[in-house]
Amino acid sequence: YNENKIQIYSETDDRKAVTVTNDVLKSCDINAIEKLFIDSRYSNIIIKDYDNIYLFNSNKKIFRRVLQGYNLKDAKVAFKNGILVVAGSFGMLFSKIRGPGSITEPVVYANTKGIYYNFLRDFQVSADEVLLSTDKGAYSVDVPTDSMLESSTQIRPPYRFLLTYDSSLQS
């Protein structure tokens with residue numbers, strides 16, 4: 001993929017290629033592709049443009065905008081172990097891929113009025129934790145459990161401030 005098109009190769013259909021052109025992307029309100037993730041379990045393609053996230057499944061002919069109602073401009077996105085992780089000025093949200101073209105409602109850790117940070121520099125996702133680099137320091141956040149992701153509840157943000165002193169990590 002690049003900013004203006006996506007090319008999909010089928011492993012099972014004699015490596016048949018499908019190209020999604022810039023005109024098709026624009027007709028779906030995608031101005032430019034910022035990030036793209038492949039969910040190999042359900043054949044979903046997750047597309048992040050500058051202020052929206054879309055879920056596309058060519059096998060089931062599903063294309064839809066997901067996670068509406070959140071300010072995703074300048075948000076950072078990752079996809080790990082079937083979980084979509086989004087961090088931005090609003091806080092963090094986690095959604096689990098349920099199947100072809102389907103995700104759970106997000107579990108949201110809010111950053112209301114910038115209480116934890118005003119600007120997110122970067123973030124890194126591991127199996128059970130997310131590390132955030134912000135203007136107010138580094139934070140670690142636990143990835144919600146499967147049962148939390150399935151119930152999709154908004155819970156108290158579990159941000160833990162991280163501090164280094166004399167080359168050792170304090171929390």
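This is a predicted model: local features need pLDDT of at least 70, side-chain atom pairs count only at pLDDT 80 or more; totals for chains, interfaces and linings use all residues.
Residues are numbered from 1 along each chain as its sequence is written. Local features need pLDDT of at least 70 and side-chain atom pairs pLDDT 80 or more, while totals for chains, interfaces and linings use all residues.

Rings of Phe, Tyr and Trp (its six-membered ring) were paired if their centres lie within 6.5 Å, with planes under 30 degrees apart taken as stacked, over 60 as edge-to-face and the rest as tilted. The count under this rule is 6 aromatic pairs. One of them, Y116 with Y139, is edge-to-face, at 6.2 Å centre to centre and 85 degrees between the planes. Y116 lies in the loop between β11 (107–110) and β12 (120–125) and Y139 in strand β14 (residues 137–142), so this pair ties together parts that are 23 residues apart in sequence. Strands (E) are DSSP runs of at least two residues, numbered from the N terminus. Both Y116 and Y139 are buried (under 20% relative accessible area, 1.4 Å probe, protein chains only). Y54, F56 and F63 form one aromatic cluster.

On a 1 Å grid over the protein atoms alone, a pocket is an open set of points with protein on both sides within 12 Å along at least five of seven lines, and lining residues have an atom within 4 Å of a point. A volume is the space filled by probe spheres set on the points. The largest pocket has a volume of about 600 Å³. Of its 23 lining residues, I8, Y9, S10, S58 and N59 are the closest to its centre. Strand β1 gives the most to this lining, with 4 residues.

Definitions and conventions:
Side-chain values use heavy atoms; hydrogens and water are left out. Buried means under 20% relative accessible area, exposed over 50%, partly exposed in between (1.4 Å probe, protein chains only). On a 1 Å grid over the protein atoms alone, a cavity is a set of points where a 1.4 Å probe fits but cannot get out, and a pocket is an open set with protein on both sides within 12 Å along at least five of seven lines; lining residues have an atom within 4 Å of a point.
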